[in-house]
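Here are a few notes on the model, starting with a helix pair and ending with the cavities. Have the coordinates open while you read.

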Amino acid sequence: MAVYPLLPLRGVLVFPELVVPLEVGREKSVRAMEAAMAADRRLVFVSQRDVRRDNPGPDDLYRVGTVAQIQQLVRLPSGAVKVVVEGIQRARVLALEAEEPYFRADVEEVPEPPVEGLDEETQAWVLAVVHLYEEYMKLSRKMPPDTLVTISADDPARLCDAIATHLDLRTEEKERVLEAFDLGERLRVVHAILSHQHRILSLEREIQGRVRQEIDEGQREFWLRAQLKAIREELGEGEDEEEDEAAAYRRRVAEADLPDEVRERAEREVTRLGSMPATSPEAVVSRTYLDWLLALPWRRESEDRLDLQEAERLLDRDHDGLRQVKDRILEALAVRQLRPDGKSPILCLVGPPGVGKTSLGRTIAEALGRRFVRLSLGGVHDEAEIRGHRRTYVGAMPGRILQGMRQAGTRNPVFLLDEVDKLGRDVRGDPSSALLEVLDPEQNRTFSDHYVEVPFDLSHVLFLTTANTTHTIPPALLDRMEVVHLPGYSEEEKVRIARRHLLPRQVREHGLEAGDVRLSDAALRHIILSYTREAGVRQLERAIAALCRKAARRKMRGQSLPLRVVRPGLRALLGPPLARPARREERDQVGVSTAVWVSEYGADTMPVEVALAPGRGRLSLTGQLGEVMRESARAALTYARAHAVALGIDPGAFARTDVHVHVPDGATPKEGPSAGVAMLVALVSAFTGRPVRADVAMTGEVTLRGRVLPIGGLKAKALAAHRNGYRLFYYPADNADELEEVGRTVGRTMSLVPVRGVEEVLAGSLLPAGPEAHAPAGAGARARRRRRLMPEAHPHVIEGPS
């Protein structure tokens, strides 16, 4: 047994008595190489099972390798090392120490089997391996002819290792040879691998022969057709025959309404097609290309219907609420009516799932009288999906932009690019960069597709995009678009949408008649609160569809209708509630405040918890917090330390106390600066022992000077706080104008208070320390809170209930 540094290999193996050049780049491997150079230049090489692992562990390595000696070592400027090693002996890894800065292995060196006095069976195996390898080299064009000269059949063990080295094998197959310690077993393994490789090469040669024969037959058919054409011309029969394929394409090109550049390109391709055999692969590619050129709407367009009243009627018919979004769409239609040749706006509709982004695109197309095309970009990670493949590739096609234009049949459709925030990217290109040309009015007049190879004018297209969030959209692409936010619906809006749209549609789709399902208001509100948990109405529609299925089943059984749905009967119809509403806490608590945040699925409230423990002033942050949220916690703690005296905190408490900030629901990643104010309130509450009011929610970014900065998604956050039962909502004063519309919806039950500094939030959300602080929020507590609200100090306050 011996102990050597261990170096993991990816896709290559070192065999005994063979010299192998390697390039070592991983830091651990370089350290192992340096340790070997400092000792006896020996180390053990072991292959890793998964070549994609950059940092393999002990379980990722094979247990049989080769002890080798470093012959030459050269350091590269990049930090990597080029080294030439010579294998010495097989080795079995008995123990592996995964210590930094490199692996160390206890190995048992396995001597090579003796080559003298081989029995007849082993000699027969040696001859069979040599013969099969000679046959393999005759078929393979990759093997040099003098390979066998370097391999001696007198040493069968080394013969097997050398053959395994020269063959293009997978790591698993080479490892089988390395792990075959017995000579007979090693010969059988190599013979089986050679037989498999020989069969593959034989099939490859057979396939090449077939292809060559088909090409020869195609050329023969071409010459025969040329001779037949000449004979018909001599006989005067050519004019009476049906026009050939090239002439048909030439006629179609002449009749098509094409730009001059496209027509010239099509005529050249028709001439090229006429000189090809009809059955040749090139003719198939040429015909497909001409079909695409003739099918694209180069100049065909539909006439716009610019009736603002009709457009407004359609928008109100299909969508409830969304006043800001509808106004922006109608403004764009008004501008187009005044300037038909003006640039089309590129709107990005951003909102949680189920708020009607895609259906808005269909309504806009219907209002304009245009065709509607939808392209889903979710998961697209290849630039060729946008720009198309070049015609040099087999099976090449235009990109999905031109495919959508062909589907529309006109050059001015409404083109919806769905889920633009879920674009991917990899080694095959960045599709978001390809979209820059599509969505830039200055560039899309000459959009270049790799397949078509002639410019296509996209300036007449009305592009719309949708996204759940703007955080994952590349900045350059986001700059091309005008972002229009679609916040979630309030409870009242969901009730109206269910009455006007969802219930009638589901009744109709389930083959029922109007009035077959009667849903009470109390039952509908309970479904919204307890069976769905969303900013949109998608889950709500599914719940209504489930009720319609119950009614359809009753109808087919001959039972009486209508199905009357009341709140007490929902459990029997829909089962137990699926969503647990994130209602506010019933008691005022020390160190617990409520923040409001927005994810790609909508806005919701979340508690921020702070716990103190004796320690040395360390700060712990848990709950899958993103970097921006972690920075907000640090800023809040720094503010509290800097203003400790004014806040009633012992300045020395920070040095002897460890602070733990936790945001529950740790399985959900959280990011953004909106929780800064809530973190500060929870910290001050924990250090002062003053409880935080349980009916207060807040949002806003906090600075080291205590300013409350504006944030995004405020309307959705206010609706979430209202939905979860909060009575007071603090938000940045710079966002005050955004809540004018929401105030009319939620102002009856929740007060909206704009603030500019954290001292206003602290004054209104912290209760005095004492035993009564933990009492339930009763009438006396509400009276004290109303006195602290001081709405006259905030001109933008929309009063809640008294």
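1. Helices α2 and α3 are roughly parallel to each other, because angles under 35 degrees count as such. Bear in mind that this is a predicted model, where local features need pLDDT of at least 70, side-chain atom pairs count only at pLDDT 80 or more, and totals for chains, interfaces and linings use all residues. Residues are numbered from 1 along each chain as its sequence is written, and side-chain values use heavy atoms, leaving out hydrogens and water.

2. The numbers for that pair: the axes (lines fitted to C-alpha atoms over the stretch in contact) of α2, residues 120–139, and α3, residues 156–166, come within 11 Å and cross at roughly 25°. Helices here are DSSP runs (H or I) of at least four residues, numbered from the N terminus. On the α2 side, Val126, Val129, Val130 and Tyr133 make the contact (heavy atoms within 4.5 Å), and they meet Pro156, Leu159, Ile163 and His166 of α3. By class, this contact has seven nonpolar residues, one polar and no charged.

3. Now the voids: how many cavities of 30 Å³ or more does a search of the whole structure find? The search finds three, a cavity being a set of points on a 1 Å grid where a 1.4 Å probe fits but cannot get out.

4. Lining residues (an atom within 4 Å of a point) of the largest cavity are Gly488, Tyr489, Ala535, Ala603, Ala716, Leu719 and Arg723. Helix α23, residues 714–723, gives the largest share, three residues. The lining splits into five nonpolar, one polar and one charged.

Terms used. On a 1 Å grid over the protein atoms alone, a cavity is a set of points where a 1.4 Å probe fits but cannot get out, and a pocket is an open set with protein on both sides within 12 Å along at least five of seven lines; lining residues have an atom within 4 Å of a point. Grid points are joined across faces, edges and corners, and a volume is the space filled by probe spheres set on the points. Helices (H or I, at least four residues) and strands (E, at least two) are DSSP runs, numbered from the N terminus. Ala, Val, Leu, Ile, Met, Phe, Trp, Tyr, Cys and Pro count as nonpolar, Asp, Glu, Lys and Arg as charged, and the others, Gly among them, as polar. Axes are lines fitted to C-alpha atoms, for helices over the stretch in contact, and angles run from 0 to 180 degrees between N-to-C directions. Angles under 35 degrees count as roughly parallel, over 145 as roughly antiparallel, 65 to 115 as roughly perpendicular and the rest as oblique.
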